[in-house]
Amino acid sequence: MKFKRVLLKLSGEVLAGPQGFGLDFRAIDRMCRQIAQVASDGIQIGLVVGGGNFFRGRQAVDEGVERSQADYMGMLGTVINALALQDVLERKNDIPTRVLTAIEMRQVAEPYIRRRALRHIEKGRVVIFAAGTGSPYFSTDTTAALRAAEIGAECLVKATKVDGIYDKDPFKYSDAVKFEKLSYMDALQCRIEVMDAAAFSLCMENGIPIAVLNVLEEGSLRAFLIEGKNIGTIVSK
């Protein structure tokens, strides 16, 4: 194994399937199978999921919604995604899972407490961190970097629909060039949009490498985490 403990960041769009909105349980099944594969092989997993498949705070702000209110609305969308992932991981893949929320809602999940999260992870449970940081003005990318540092993750895996970081949008430009490796400073100076600047800075400060992978490709998580294949793009020192 390349890493013993990782933080996996999933965008909400990965769970939405082709329609790009809501939940597509076929897409969730595929994602959970990949998570189950690496969890069964002994990788300790913390997971942060976005909520863009339900609500995008930036779009709401453009429509006149107050920023803090929009961010809180987005946080609630992440909880729906977390509960869906938990259900499929446990019911279909027999992987023990806990959802911890930064906004307290005891009827559906445990409140986020760092030591409790670590205990769950040490027992081999997949821990899903929902509701962002619990505060507005912080993205789920920043949440992922923060939780990765808090749980002592050895790598932050950003799961996307693209097989790495390119110098420009590969869906728009056929001559886009893929980077195999980037430094934190290069990512910040080039304003790489795969994660926000605060997330890159947190990972740089704590020495946590970032791996950007295409999770729509079956087996990509296992290929990187277990088999040690050089796929995707690595952002490190």
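Where is glutamate 13 found? Glutamate 13 sits in the loop between strand 1 (5-10) and helix 1 (25-40). Its relative accessible area is 18%, so glutamate 13 is buried (under 20% counts as buried, over 50% as exposed, partly exposed in between, with a 1.4 Å probe and protein chains only). Skipping neighbours within four places in sequence, glutamate 13 is in contact with Gly52, Asn53, Arg56 and Lys161 (contact means heavy atoms within 4.5 Å).

A word on the model: it is predicted, local features need pLDDT of at least 70, side-chain atom pairs count only at pLDDT 80 or more, and totals for chains, interfaces and linings use all residues. Numbering starts from 1 along each chain as its sequence is written, and side-chain values use heavy atoms, leaving out hydrogens and water.

Nine strands form an open sheet with mixed pairing, in the order 4-3-5-2-1-6-10-11-9 (strands are DSSP E runs of at least two residues, helices H or I runs of at least four, both numbered from the N terminus). Strand 4 (110-111) and strand 9 (181-183) each have a single partner, so one side of each has no neighbour in the sheet. Strand 6 (residues 155-160) and strand 10 (residues 210-214) pair in the parallel sense over five bridges (pairing takes at least two DSSP bridges). There, valine 157 has alanine 211 of strand 10 as its bridge partner. Helix 5 packs on this sheet too, touching strand 1, strand 2, strand 5 and strand 6.

Key:
Axes fitted to C-alpha atoms, helices over the stretch in contact; angles between N-to-C directions.
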